[in-house]
Amino acid sequence: MIEFLRKIKKDFLKKYLFSYFLYIVVTVLYMCFLIRDFSVSSLLISILVFILISGLFLFVGRAILVQFLNERLGSQEVISRSIFKNTRTVINNLSHEIRTPLNAIMGFAANLYEEEVDENKQKALLAIKANSERLFSTAKKIIDFSSIETGHFEINKEFISNHALLGNLVTKYKGEIDRKNLRLSIINTIPEHGLVYTDQNALFEILEMLLENAIKFTEKGSITIESSYHNGELEYTLEDSGSGISDQQKDIVFQLYRQGNSNMDREYEGVGLGLTIADKLTQMLEGSITLSDSESGGARFRIIMK
């Protein structure tokens, strides 16, 4: 929509400038016709008047035209905000309609799995549970990204337990890590009872997105999460022994809907929002996130926040 309005304005301005060019040509020809009887002083005065009128025509006329287009079509900023607001409302409703039944599906699947003794039925129930969790995670990412882009994701910093946060992260992904037979190591140099000042929900989601990415692209080996606090900076590193990423592709992994390798879109599930969300939330926490190669050939993400 915004591009459409921009194109309309551009087309109108082109027509305006073309009309102005014709005005100059006609005026010059008319003046050439009259200068036969003009004195030098009269000619100079005519040229000066022409320049003033032309400048007035150019700047005032252009301002009037732009104002007219803004009034008739609406300013781009207002329209952009309206579109984002409406889009966010639709996404919120859609996310609610998806997540509510998924909660019921996951709950019943888990209960049936615990009571089921047939191995084939257990596998089927696990597949239902896993795919429901995938849909639930996708819906959550979409709504979170929408909230960030429209400025509705609020940052509320407080003193939190880093030890508890990492523990909750490990608990949430222990099942996936065990299913892939990966080794997860946590190196926390912050004292167990030490507190850090940050937004717990935002920080947890950043680490969550990075850990999901590491699990997805690590078929065997290990994942290491390290946290530290020194010189007034909170630092996290997440390193895996996965497939890694080439130098040419490092710049695009944080871009919207992009994976490190476009061929991976079909091989690995995901909508390409995880690292984008992690990057945007890190910026909102006044931090930075960088990507490099790990010693084992995988990826190494480093987050620094004040």
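Which residues make a nonpolar surface patch of about 370 Å²? The patch is made by F159, L195 and Y197. Patch members have over 30% relative accessible area and no salt bridge, with like charges joined within 9 Å and nonpolar side chains (Val, Leu, Ile, Met, Phe, Trp, Tyr) within 5 Å. A salt bridge here is a side-chain nitrogen of Lys or Arg within 4 Å of a carboxyl oxygen of Asp or Glu. Areas come from the Shrake-Rupley method with a 1.4 Å probe, and for residues only the protein chains shown count as cover.

The model is predicted: local features need pLDDT of at least 70, side-chain atom pairs count only at pLDDT 80 or more, and totals for chains, interfaces and linings use all residues. Residues are numbered from 1 along each chain as its sequence is written, and side-chain values use heavy atoms, with hydrogens and water left out.

A search of the whole structure finds 1 aromatic pair. F159 and Y197 form this pair, which is tilted, at 5.0 Å centre to centre and 50° between the planes. Rings of Phe, Tyr and Trp (its six-membered ring) pair if their centres lie within 6.5 Å; planes under 30 degrees apart are stacked, over 60 edge-to-face, and the rest tilted. The pair links distant parts of the chain, with F159 in strand 1 (residues 158–161) and Y197 in strand 3, 38 residues apart. Helices (H or I, at least four residues) and strands (E, at least two) are DSSP runs numbered from the N terminus. F159 is exposed at 58% relative accessible area, whereas Y197, at 47%, is partly exposed. Buried means under 20%, exposed over 50%, and partly exposed in between (1.4 Å probe, protein chains only).

L211 lies in helix 6 and is buried, at 0% relative accessibility. Beyond four places in sequence, L211 touches L169, Y173, I223, I225 and L238, where contact means heavy atoms within 4.5 Å.

S288, in strand 6 (residues 287–293), is partly exposed at 39%. Its contacts beyond four places in sequence are T282, R302, I303 and I304. The C-alpha atoms of S288 and M305 are separated by 6.7 Å, with the two residues 17 apart along the chain.
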